[in-house]
Amino acid sequence: MEFGEVCRKYEEYVIGMRRDFHRHPELSKQEGRTSETVRKELERMGIPYVTVDGYNVIGTVGKGRSGKTLAIRADMDALMVTEKTDLPFNSENEGVMHACGHDGHTAMLLGAAAVLKEYEGEIDGSVKLCFQTAEEENSGAQQIVAYLKENGGVDQAIGLHIWPNVPVGQIVLMPDRCMAGCIGYHVDLLGEGGHGSRPDLVRDPVKAACDLVLKFASIPGNYYDITDPCVVSTGYVNAGTYSNVFPSSAYIEGSCRYFKVGGEVQIIEKMQMMVDGVSKAYGVEGKMNIWPPYSPVVNTPELVGRAGKTVDEVEGLEVKKTADLIMASENFSEFLKEFPGFFAILGGGNEAAGKCYELHSDKFDFDEDALRMGYEFMARYAYEYVKR
């Protein structure tokens with residue numbers, strides 16, 4: 001049976017698994033049911049696996065007779081979003097939703113696993129099937145990478161992400177920079193509250209917070225490398241309880257995006273200067289905390305070229321000819337910091353079927369026709385690399 005026919009044989013299975021995962025979403029580091037389902041499916045296929053640091057699962061396909069090894073990664077966690085789709089398989093876990101396509105990623109890797117298992121007799125090397133927890137919290141990848149390195153490492157690592165504003169049937173393969181690095185920040189501002197009629201008698205943290213929001217937003221155009229796409233945004237501000245009361249504290253949270261490796265050091269330095277200056281100007285105490293950063297996703301150019309040849313063999317799939325850099329972040333970057341590889345963007349949008357909602361939207365969905373193309377692409381690429 002031709003490779004494409006074998007792949008098509010599993011399409012309904014993968015769609016069914018995607019819908020099961022979508023119906024039962026789980027937050028980062030809470031993916032117990034999802035991890036158990038993955039393990040049961042691997043056992044059913046006869047694929048050995050290990051569980052790493054909680055719920056991460058790594059299966060292995062191949063004879064392991066040659067030194068060639070390749071890792072394929074899929075993330076499994078969902079988001080704290082209340083679903084507002086009308087899908088017949090929408091979330092049964094109130095307040096939690098697969099709003100980023102990770103249900104599809106996990107299902108596609110199971111599909112690739114099933115296909116590769118059928119060809120195992122021809123695979124002299126080995127493929128590591130990496131089902132990752134907690135991508136949304138910038139975890140999971142580090143633990144899997146550490147395990148792989150402790151056990152001989154891999155020669156290549158690949159992954160993909162379903163994307164709603166790329167049409168189904170297209171895939172983005174960027175030869176270098178692909179997705180932005182990211183840092184998250186939290187600033188606490190402590191002042192001294194009082195009556196709304198006497199701002200002169202208080203140390204107002206609200207004005208300090210508002211000033212910082214605007215100053216942080218000015219960093220990309222005025223204080224950072226203008227040739228490196230950069231965004232500094234504040235998404236959460238919290239202060240006060242009543243209209244005529246100055247509160248004693250306020251805090252803001254947000255994120256910064258950049259592409260230049262090491263760019264976060266310069267951004268953080270400027271933000272800290274602003275916190276110190278604004279705190280002094282308004283007479284408040286300001287303290288900034290930075291969360292562990294996502295590194296930029298940087299692909300290996302020669303492997304992207306090889307991946308393009310694989311795309312030519314997948315029915316219905318083509319490389320998107322033009323694509324912008326993606327300001328979102330992904331901790332698949334942890335794999336690419338240690339191993340050559342690439343991260344692809346798989347089209348899942350279908351405007352003919354209705355509006356395509358963005359990732360993390362409470363109405364996010366994707367065209368399930370993308371699933372077969374995705375797992376066939378991963379399976380073909382892996383097979384061609386590790387086969388006899």
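Reader: Where does leucine 129 sit, and is it buried or exposed?
Author: In this predicted model, where local features need pLDDT of at least 70, side-chain atom pairs count only at pLDDT 80 or more, and totals for chains, interfaces and linings use all residues, leucine 129 belongs to strand E4. Helices (H or I, at least four residues) and strands (E, at least two) are DSSP runs, numbered from the N terminus. Leucine 129 has 0% relative accessibility and counts as buried, where buried means under 20% relative accessible area, exposed over 50%, and partly exposed in between (1.4 Å probe, protein chains only).

Reader: And what is leucine 129 in contact with?
Author: If we leave aside neighbours within four places in sequence, leucine 129 is in contact with Leu42, Ile47, Val57, Ile58, Gly59, Val61, Ile72, Leu109 and Ala113, contact being heavy atoms within 4.5 Å.

Reader: How are residues numbered here, by the way?
Author: Numbering runs from 1 along each chain as its sequence is written, and side-chain values use heavy atoms, with hydrogens and water left out.

Reader: OK, on to H5: which of its residues are buried?
Author: Helix H5, residues 141-150, has Ala141, Ile144, Val145 and Leu148 as its buried residues. They cover an arc of only 100 degrees around the axis, which puts them on the same side of H5; the arc is that of the directions from the helix axis to the C-beta atoms.

Reader: What do those buried residues of H5 pack against?
Author: The buried residues of H5 pack against strand E2 (56-61), strand E3 (69-75), strand E4 (126-132) and helix H10 (333-338). Just after H5 comes glycine 152, with a positive phi of about 100 degrees.

Reader: Which residues other than glycine have a positive phi?
Author: Among them are alanine 134, with a positive phi of about 55 degrees, and histidine 360, whose phi is near 75 degrees. For background, most residues other than glycine have a negative phi.

Reader: What about cysteine 356?
Author: Cysteine 356 is in no disulfide either, and the nearest cysteine sulfur, that of cysteine 100, is 15 Å away. With a relative accessible area of 22%, cysteine 356 is partly exposed.

Reader: I was also looking at glutamate 41; is it buried or exposed, and what polar contacts does its side chain make?
Author: Glutamate 41 lies in helix H3, residues 32-45, and counts as buried at 14% relative accessibility. Its side chain makes a polar contact of 2.7 Å with the side chain of tyrosine 13, and a polar contact of 2.9 Å joins the side chains of glutamate 41 and arginine 44. A polar contact is a pair of N or O atoms within 3.5 Å; within protein, one must be able to donate a hydrogen and the other to accept it, and residues adjacent in sequence count only if both atoms are side-chain atoms.

Reader: Which residues of H9 are buried, and which exposed ones are on the face turned away?
Author: In helix H9, residues 301-311, the buried residues are Leu303, Val304, Ala307, Gly308, Thr310 and Val311. They cover an arc of only 155 degrees around the axis, which puts them on the same side of H9. The face turned away from that buried side carries the exposed residues Glu302 and Lys309, and lysine 309 has a relative accessible area of 61%.

Reader: Last one: how many helices and strands are in the chain, and how much of it is buried?
Author: The chain has 11 helices and 16 strands, and buried residues make up 55% of its 388 residues.

Conventions
A disulfide is a pair of cysteine sulfur atoms within 2.5 Å.
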